[in-house]
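Dear colleague,

I am passing on to you the structure that we spoke about, and below it you will find some notes to read alongside it. Please keep it open while you go through them.

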Amino acid sequence: MQDVPPTAIQPSAARASPWPRLGRWLGGGTVRGEGEGLVGHRIDWVRAAPFLALHAGCLGMLWTGASPVAVVVAASLYLLRMFAITAFYHRYFSHRAFRTSRVVQALFATIGASSAQRGPLWWAAHHRHHHRHADTARDPHSPARRGFFWSHVGWFLTEEAFATDRRRVQDLVRYPELRWLDRHDAVVPLLLAVALYGLGALLQRVAPELATNGPQMLVWGFFVSTVALFHATVTINSLAHRFGRRRFATRDNSRNNAWLAALTLGEGWHNNHHFYPGSVRQGFRWYEFDPTWYGLRVMQALGLVWDLRPVPAWVMDKAVRP
Ligand SMILES: [Zn+2]
Ligand SMILES: [Zn+2]
């Protein structure tokens with residue numbers, strides 16, 4: 001990892017006044033130093049407020065009710081955005097497990113950014129740090145060290161976790177469009193929320209038989225879908241380091257878990273992944289359900305992605321269980 005002079009490391013959130021932190025609701029983009037600076041110990045409730053509001057928004061269903069079309073939109077956005085997170089934020093940006101064009105890279109970075117899991121640089125920097133220090137004192141989200149709640153969501157809301165260690169993502173910071181998504185990480189989720197409200201209002205007008213409206217589409221398509229997507233994604237940090245089988249004797253506590261793989265389009269084969277993170281596949285056997293891999297194969301057939309990195313033959317020889 002290349003060294004960056006101390007002047008490149010900006011201090012994190014101003015401690016004296018809450019206002020600079022409130023201002024940062026509309027953008028991440030803090031730069032911090034290497035290592036333990038990413039391991040936080042205290043939740044920053046001011047900056048966590050939008051995240052809590054996202055959960056409170058789900059309660060809106062008590063007023064708006066549901067309709068089949070709103071639930072279908074919520075489920076579709078869950079699947080599309082989960083694919084963007086697993087195939088692009090994780091396998092592409094964090095692990096460079098395949099190649100693609102700059103346009104497809106930007107498109108899926110934007111879809112990923114609509115998940116309200118911060119920008120692609122932030123996500124990849126934290127994830128690379130996790131692989132380097134998994135289940136050690138420098139891992140921001142190890143369930144073995146800090147317990148379930150902390151590994152699942154607590155770490156995400158600390159002042160330290162809002163920072164991006166750009167030295168971890170030197171290969172990505174050269175793209176201004178990715179830096180923009182990172183700096184303004186609330187913009188794409190807000191645009192999606194507005195678009196969903198507009199869609200619901202439009203359907204109410206042109207197809208009243210669907211029994212939906214703006215508020216209902218906003219609650220299901222944005223709040224419910226985004227909250228479900230977040231909690232499913234972070235089960236890989238919390239549950240997949242605790243429950244499941246260990247095929248490989250990795251230095252961390254990662255597990256293979258079919259339930260989590262179903263929930264996350266293939267990310268649940270987390271022990272496989274920690275053993276060999278560079279592969280585009282995480283289900284190493286044909287029967288290990290890995291829809292992200294199937295989706296990438298389709299994109300490969302369409303010429304949208306290429307150079308998909310396989311699992312080398314020697315990997316399975318290292319398995320301590322089938
Ligand atoms: Zn892990
Ligand atoms: Zn990974």
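F108 is buried, because 25 other C-beta atoms lie within 10 Å, and a residue counts as buried when that number is 20 or more. Please bear in mind that this is a predicted model. F108 belongs to helix 5, which covers residues 102–113, and, if neighbours within four places in sequence are left aside, F108 is in contact with A84 and F88. F83 stands 25 residues from F108 in sequence, while their C-alpha atoms are 9.0 Å apart in space.

F88, in turn, touches F93, F108, A109 and G112, again without counting residues up to four places away in sequence. The largest nonpolar core is made of 30 residues, and A84, F88, Y89, F93, L121 and A124 are those with the most contacts inside it. Among the elements that give two or more residues to this core are helix 4 (68–94), helix 5 and helix 6 (120–133), and helix 4 gives the most, with nine residues. There is also a second, separate core of 16 residues, which includes L77, L218, F222 and F223.

With best wishes

How values were computed: Residues are numbered from 1 along each chain as its sequence is written. Chains are lettered from A and ligands numbered from 1 in the order in which they are written. This is a predicted model: local features need pLDDT of at least 70, side-chain atom pairs count only at pLDDT 80 or more; totals for chains, interfaces and linings use all residues. Helices (H or I, at least four residues) and strands (E, at least two) are DSSP runs, numbered from the N terminus. A residue is buried if 20 or more other C-beta atoms lie within 10 Å of its own, exposed if 12 or fewer, and partly exposed in between; C-beta atoms are placed from the backbone. Two residues are in contact if their C-beta atoms, placed from the backbone, lie within 7 Å. A nonpolar core is a set of buried Ala, Val, Leu, Ile, Met, Phe, Trp, Tyr and Cys residues joined through C-beta atoms within 7 Å.
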